[in-house]
Amino acid sequence: MEFTAPNAQILTFDRKNHSDEILLKLYESLIIPRRIEEKMLILLRQGRISKWFSGWGQEAISIGAVNALAADEFILPMHRNLGIFTGRDMPLERLFAQFQGKKSGFTKGRDRSFHFGSIEHHIVGMISHLGPQLAIADGIGLAHRLSGEKKVTLVFSGDGASSEGDFHEGLNVAAVWKLPVIFVVEHNGYGLSTPSEEQFAFKYFTEKGPGYGMEAVRVQGNNVLDVYDTILRLAEDIRENPRPVLVEAITFRMRGHEEASGTKYVPKHLMEEWAQLDPVDNYESFLESIGVLNATTKEKLNKKVKTAINEALEIAFAEEAITPNLEEELTDVYAPFSQKVISPQGPSTEKRFIDAISDGLRESMEKYPNLILMGQDIGEYGGVFKITDGFKAKFGGDRVRNTPLCESAIIGAGLGLSIKGYKAMVEMQFADFVSVGFNQIVNNLAKIHYRWGQNADVVIRMPTGAGTAAGPFHSQSNEAWFFHTPGLKIVYPSNPYDAKGLLNAALEDPNPYLYFEHKLLYRSISGPVPDSYYTTEVGKAALAKTGTQVSIITYGMGVHWAVKAVDELGISADILDLRTLLPWDQEAVATTVKKTGKVIFLHEDTLTGGIGAEICAWISEHCFRWLDAPVMREGSLDTPIPFAPNLEKQFLPEARFKVKLKELIEF
Ligand SMILES: Cc1ncc(C[n+]2csc(CCOP(=O)(O)OP(=O)(O)O)c2C)c(N)n1
């Protein structure tokens with residue numbers, strides 16, 4: 001079966017009550033991306049640009065949409081939505097500089113083509129993975145709902161990308177939370193070379209919307225008036241009556257996925273038929289037929305657009321290539337933030353680890369009225385570990401939100417909230433489940449500031465660790481997955497005092513955090529915790545014990561294993577609790593290694609590629625002169641975590657560590 005679109009076979013333009021001025025404005029808006037496309041093809045042939053994702057034939061969708069929304073309503077475009085960028089009046093020279101990787105573009109040369117956003121223009125650009133866009137729109141929509149702003153957010157998806165789980169999650173969350181988001185699916189028949197019928201087994205997306213409990217409408221994607229009128233009508237309604245709507249825009253991709261890939265897989269007759277439905281030519285003919293556009297105006301407008309494009313291109317080409325600035329590259333990984341550590345005031349109370357976490361979260365909720373908590377069962381139920389017990393009653397359902405079972409969408413929504421100036425805390429029910437939200441963390445949250453200067457004010461709480469015979473999917477240590485990703489910060493407290501202080505610190509910082517909390521420590525340890533709000537310094541390790549014979553560097557449960565082993569062996573050791581894993585405290589590590597000359601790293605995580613591997617390599621390189629013995633490591637076995645208690649015990653490093661520690665002392 002070939003991609004045919006019966007309702008798009010004839011473009012039926014209806015001017016309704018639109019003034020000539022509006023009709024001409026849409027025309028001018030529509031020819032800008034087309035004239036840019038034409039120019040880009042020439043430049044590509046001349047080898048002056050390297051890659052181009054064409055939206056030729058689909059321009060009416062972007063132009064109808066961008067003109068239908070208010071300038072301060074967010075749009076989240078994809079790779080075929082040049083018209084969104086031009087429609088928001090981005091200076092063309094900056095846009096071209098962006099395409100050429102020049103400094104005056106939107107990403108300082110760090111990301112390509114349409115992979116950027118600009119808050120000034122209320123545009124949030126995509127990452128290559130396509131589907132994650134939808135959840136960010138949810139977060140922006142949620143922010144609008146929470147603040148009572150009557151605004152619509154519009155996000156695009158291709159028909160191919162709709163096969164991604166993120167599409168489902170994004171629509172489902174929007175439907176359940178009644179978010180004012182318009183999901184526009186550009187149904188253009190192909191995802192790269194794969195035709196729609198190999199992508200999904202339904203014909204129209206309008207069949208899909210109702211399955212989510214969502215209204216769905218189909219428009220002629222090549223008809224700018226149909227798109228414009230439909231979005232205009234929906235947006236007006238949604239602003240007053242917030243809810244998501246799916247808009248299916250039937251269209252066709254007239255060029256290759258990107259220029260180099262060609263269109264050989266597309267039957268020739270389809271190309272010919274769709275060429276008859278060209279959105280620019282047809283609208284032009286319509287305007288001429290009703291006397292709104294004449295030859296003079298047409299020429300004048302086209303000349304104006306072409307001149308603007310040529311002038312902007314000259315400026316962009318004249319700009320010299322970026323000169324790398326190492327310091328700027330490193331600095332821009334994080335949003336600027338200088339922590340001012342807040343010391344506790346007044347008395348302390350003996351508290352369990354879990355209560356300290358709950359305390360910190362509650363105090364941060366009081367301190368930041370813009371902090372939103374999201375997670376599975378965290379509402380009335382209080383979370384599976386009861387950390388948010390009573391929170392919903394105290395702070396209300398808007399701020400303490402039970403979520404559907406969709407980690408990816410919720411983390412993405414956290415980013416959307418952050419774009420609107422909110423803070424978000426996302427509770428993973430178990431740290432293991434973060435794997436299904438992994439992409440949003442490592443590709444969106446972690447990279448967005450470096451890419452285009454947007455911060456991600458999101459803390460992800462990670463109930464982690466083994467020792468409860470919970471098997472391979474409720475016991476993992478997965479901090480190393482994130483340790484390798486620039487742009488994230490990772491904290492991992494080992495005692496109640498730090499649990500509260502580090503959580504408050506993470507929630508204060510506008511950068512994305514993973515906050516690891518060991519489940520076995522929740523109710524097994526307690527200690528004095530100040531009653532007042534305070535923060536613990538991020539990036540600063542602390543000595544859990546001081547000694548002279550050896551340095552044990554560790555974190556989390558490792559601190560407790562190390563203290564026990566040292567006591568049992570009767571040795572004198574520095575036990576350095578890292579507390580922050582990213583960025584980790586190099587100074588404290590060097591100081592203790594230089595002091596004792598012997599070092600062993602201990603972590604609960606499996607050994608290969610663990611955090612110990614990185615830090616031990618650093619010690620070997622930077623502290624070699626002070627070492628009296630090989631740098632040693634101990635961690636869990638390189639196997640998945642087994643369920644049976646005896647197997648789990650063997651898996652964990654506690655016993656092996658003690659033997660190795662003794663060896664090191666005797667070396
Ligand atoms: C997660 C992921 N898988 C694969 C790709 C490669 N890829 C980029 S665009 C694309 C096709 C997308 O099709 P569709 O969503 O219909 O958008 P269109 O390109 O047709 O506008 C593919 C497979 C990707 N970018 N991300």
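I note that the model is predicted: local features need pLDDT of at least 70, side-chain atom pairs count only at pLDDT 80 or more, and totals for chains, interfaces and linings use all residues. Residues are numbered from 1 along each chain as its sequence is written, and side-chain values use heavy atoms, with hydrogens and water left out.

Is Asp-278 buried or exposed? Asp-278 counts as buried because its relative accessibility is 9% (buried is under 20% relative accessible area, exposed over 50%, partly exposed in between, with a 1.4 Å probe and protein chains only). Leaving aside residues up to four places away in sequence, I recorded contacts of Asp-278 with Leu-11, Arg-34 and Trp-56 (heavy atoms within 4.5 Å).

**Sheet.** I then traced an open sheet of 5 strands in the order β16-β18-β17-β20-β21, with mixed pairing (two strands pair if DSSP finds at least two bridges between them). Its edge strands, β16 (542-545) and β21 (632-636), each pair on one side only. Strands β17 (residues 550-554) and β20 (residues 599-606) run parallel and are joined by 3 bridges. I noted that Ser-551 has Val-599 in β20 as its bridge partner.

**Ligand.** Finally, I checked polar contacts (pairs of N or O atoms within 3.5 Å). A backbone N or O atom of Ala-161 lies 2.8 Å from an oxygen atom of the ligand. For Asn-188, a polar side-chain atom lies 3.0 Å from a ligand oxygen atom.

Terms used
Helix = DSSP H or I, 4+ residues; strand = E, 2+ residues; numbered from the N terminus. Polar contact = N/O pair within 3.5 Å; in protein donor to acceptor, adjacent residues only side chain to side chain.
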